[in-house]
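Here is a short briefing to read alongside the model. Take a look at the structure first, and then let's walk through it together.

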Amino acid sequence: MISAHAGDFVWRAGGAIALAAHRGDRAKVVCLSYGERGESAKAWRAGHTLDEIKTIRREEAEHAAAALGAEIEFLDAGDYPLVETPELVDRLVRVYRDSEPDVVLTHPLADPYNGDHPAAARMALQARVLAQAAGYDAPGEPLGAPPVFFFEPHQPEQCDFKPDVLLDITPVFEAKRKAMECLPAQRHMWDYYTDLAVRRGVQLKRNAGPNLGLPHDTRAEAFMRLYPQVTDTLA
Ligand SMILES: [Zn+2]
């Protein structure tokens with residue numbers, strides 16, 4: 001999973017990450033920045049320096065990743081703005097080649113509230129394509145074609161986000177809540193993303209049919225696929 005800022009992976013895909021980790025799969029989070037300028041208002045108001053804020057956000061994100069069972073890597077590329085560079089894309093190619101992901105999660109390509117998010121998505125997608133090229137000069141084997149899922153942005157309607165995948169995260173929701181609580185700088189988001197999981201859970205049940213015996217308190221996360229689903233059975 002590739003995110004622009006240190007907290008993004010928790011709100012938007014913490015459940016997906018925890019599900020993978022609890023299955024025994026490797027879950028890796030790459031944070032392009034710490035969100036030190038744009039998503040740390042509380043720390044700025046407390047009078048911390050930029051370096052102090054980066055350290056605070058890094059430690060918070062490490063704790064959140066641990067709560068989800070994920071590895072985490074920080075590229076410290078700076079935020080507000082997160083600048084797209086060939087060097088940063090190359091670093092992501094090397095992450096792909098090294099980790100050989102089965103699935104890629106990132107931001108949607110539109111976000112009129114936050115240019116760093118689409119910038120992260122563009123670099124994540126470009127690096128994925130480059131990592132597939134046999135002639136690209138980076139260690140490891142060419143990447144296959146891991147499906148790309150966009151996770152839910154904070155303002156879905158303005159970001160052209162229409163869910164086409166609803167993931168049942170009920171079994172790991174407590175882990176997601178614990179991870180959210182590792183991010184006190186964004187405390188105002190805890191209940192918002194708990195409520196969102198409840199609403200997406202209601203929609204999941206509605207789309208799953210009435211007789212599956214899903215529990216009343218189903219929680220879910222929403223995603224959009226970028227590429228077609230590949231299958232030999234329509235189900
Ligand atoms: Zn962000």
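Arg177, Glu181 and Asp191 are joined in a network of salt bridges, a salt bridge being a side-chain nitrogen of Lys or Arg within 4 Å of a carboxyl oxygen of Asp or Glu. The structure holds 13 salt bridges. This is a predicted model, in which local features need pLDDT of at least 70 and side-chain atom pairs count only at pLDDT 80 or more, while totals for chains, interfaces and linings use all residues. Residues are numbered from 1 along each chain as its sequence is written, and side-chain values use heavy atoms, leaving out hydrogens and water.

**Salt bridges**
- The side chains of Glu73 and Lys28 meet in a salt bridge (2.7 Å, N to O); the pair links strand S3 with strand S2, 45 residues apart. Strands (E, at least two residues) and helices (H or I, at least four) are DSSP runs, numbered from the N terminus.
- Lys54 forms a salt bridge with Asp76, with the closest N and O atoms 3.1 Å apart. Lys54 lies in helix H3 (residues 50-68) and Asp76 in the loop between S3 and helix H4 (86-99), so the pair ties together parts 22 residues apart in sequence.
- Lys54 counts as buried at 18% relative accessibility, whereas Asp76 is partly exposed at 37%. Buried means under 20% relative accessible area, exposed over 50%, and partly exposed in between (1.4 Å probe, protein chains only).

- Asp8 in helix H1 (residues 8-23) and His117 in helix H5 (residues 116-132) are 109 residues apart, and both are buried.

**Strands**
- An open sheet of 3 strands runs in the order S1-S2-S3 with parallel pairing; two strands pair if DSSP finds at least two bridges between them.
- Strand S1 (2-3) and strand S3 (71-74) stand at the edges, each with a single partner strand, so one side of each has no neighbour in the sheet.
- Strand S2 (residues 28-31) and S3 pair over 4 bridges, and Cys31 stands opposite Phe74 in S3.
- Strand S4 (residues 104-106) and S5 pair in the parallel sense over 3 bridges, with Leu105 opposite Phe149 in S5.
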